[in-house]
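Hi,

Here's the structure I said I'd pass along. Have a look first, and then read on for my notes.

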Amino acid sequence: MDSEVAASWPASWQTLQHGIRSGRYTDPEFARLEHEELWRRVWQMAARLDEVPEPGDYTVYDIGDESVIVVRVDRDTVKAFNNACPHRGTALAEECGSFEGNRIICPFHGWRWGIDGVIQYVLERDQFRDGQLNDSDVAVRDVNLELFAGFVFINFDKNPQPFDEFIAPVRQLIEDLAIGDMHHIWWKSVVAPANWKVALEAFLEGYHVPATHPQLETTSAEFIYGDDVSGDPPRYSHVDHIYETFPHGHGRFLGGQKTPMAGHTQLAGDPVDIMADRLNLLVEGMDAMILKEDVELVRSLKGKPIPEGSTLGAEYMKALYATAAAQQRPMPKLEREVLDQWGGEIFIFPNLMILPQAGNAMMYRVRPDGDDPDSCIFEIYSTKTYPADASIPRAVVQKMTDVSDPEQFLQIPRQDFSNIPRIQKGLHTSGCKQVWLASYFEQIILNMHQEVDRYLQT
């Protein structure tokens, strides 16, 4: 990190030891700097492979004023191209679809390429470069691409950081969870009125759960929203969550073994009902990460004795993996440290979050909306592993328009979205010079900003 560059920044851009200055979220100049020095240099998830399942299938990824075509060439090959015709700059594709006849054709003058990017036809070719136009002159421009865990990562830099080095701190975590075997259920996108970091940071900690999702943390919520605040506050159940930060801006948190998802319950009543009811809140509230069939499997254990030395969580795992084996459905590695990650989150810098559970995962991706510091594109993916004989649907985004509409978003994302524009509004006020960060619960946020600074200051 260049200390001279850091010292030259205005005070409103600084990352502090215990917080973040508010200008990092609101200043258009800071947003422009991010676009030039972060988004044009960092590895970023441009697509899921489910978006391009067959040769000729394409999808367009936009970030700032960059636009990329991701196209499947054959079963084993996916390529990324700059979305511009080398002739006059026309964008060659929009949104998603399939290139008819495996040909990319410019709609302006009819120049044509194969889906491998090689030029096939130039109208009146001898009119260009005195008749000495080379194929290499007019090939569509490649963008650096790497495939990992079902994701397509791209990088615009001419000499990017090696991807293996970039992903190394979280590679094994993601591979052990079988994320690369998970496929599309649904995918929603919405424009949110907040900086991309504001939206991202809302999901990098569990500290917000009691106030934002009171149905998931009832004891603490009753104290927060109740009239009687005398006496000691109840124990915050997420206090046992484990938070870790990694090099290159990545991080994770996990509940470990002390969660209802692992069958750990302390409430009065039938443990099966308590665990199933808890999981069902997530089915009804998100329909991602936990699915209806997972709850039904928990309820199938009701009335069955738990063998000596076992637990409800262990018996659920046995049933879950036995069912998956019968279906020939891929599952995460059956190891304690992998299972402990269920119900937690893995953050891949700069903007991808993976929330795994059983053979499912919910994912969030947040990115700037053009160069507007007060707007971002927020996406939610629901994925799962499928039985061997199942037909896997192509991933096509559903563009949503209203984050408060229960027909578009279920309860939990609506609760989260309700905070995000209010945060952005508060950050703009003269009374908010910085935000404070909890040293443990919010350490992933600080680590993320420190890595942003490394890109912006070097």
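Below is what turned up, starting with the ground rules.

This is a predicted model, so local features need pLDDT of at least 70 and side-chain atom pairs count only at pLDDT 80 or more, while totals for chains, interfaces and linings use all residues. Residues are numbered from 1 along each chain as its sequence is written, and side-chain values use heavy atoms, with hydrogens and water left out.

**Salt bridges**

I'm counting a salt bridge when a side-chain nitrogen of Lys or Arg lies within 4 Å of a carboxyl oxygen of Asp or Glu. Searching the whole structure gives 26 of them. Here are some.

R40 bridges to E66, with the closest N and O atoms 2.8 Å apart. R40 sits in the loop between α3 (28-39) and β2, and E66 in strand β4 (residues 66-74), so the pair ties together parts that are 26 residues apart in sequence. (Helices, H or I with at least four residues, and strands, E with at least two, are DSSP runs numbered from the N terminus.) E66 is buried, at 15% relative accessible area; buried means under 20%, exposed over 50% and partly exposed in between, using a 1.4 Å probe and protein chains only.

K302 and D273 make another salt bridge, with 2.9 Å between the closest N and O atoms. K302 lies in the loop between α9 (292-299) and α10 (312-327), whereas D273 belongs to helix α8 (residues 271-285), so this pair links parts 29 residues apart in sequence. K302 is partly exposed at 43%, and D273 is also partly exposed, at 26%.

K318 and E315 meet at 3.0 Å, N to O. Both are in helix α10, three residues apart, or about one turn of the helix. E315 is buried, with a relative accessible area of 16%. Through shared partners, salt bridges also join E36, R40, D65 and E66 into one network.

**A buried charge to look at**

Beyond its neighbours within four places in sequence, E51 is in contact (heavy atoms within 4.5 Å) with D57, Y58, T59, W187, R394 and A395.

**Cysteines**

With a disulfide taken as a pair of cysteine sulfur atoms within 2.5 Å, the count is zero. For C106, the nearest cysteine sulfur is that of C85, 3.9 Å away. C106 is buried, with a relative accessible area of 3%. C376 is in no disulfide either, and the nearest cysteine sulfur, on C432, is 17 Å away. C376 is buried too, at 0%.

Three strands make an open antiparallel sheet in the order β7-β8-β9, where two strands pair if DSSP finds at least two bridges between them. β7 (103-105) and β9 (119-121) are at the edges with a single partner strand each, so one side of each has no neighbour in the sheet. From one strand to the next, the twist averages 35°; axes are lines fitted to C-alpha atoms, for helices over the stretch in contact, and angles run from 0 to 180 degrees between N-to-C directions. β7 pairs with β8 (residues 112-114) over three bridges, in the antiparallel sense. I105 has R112 as its bridge partner in β8.

Cheers
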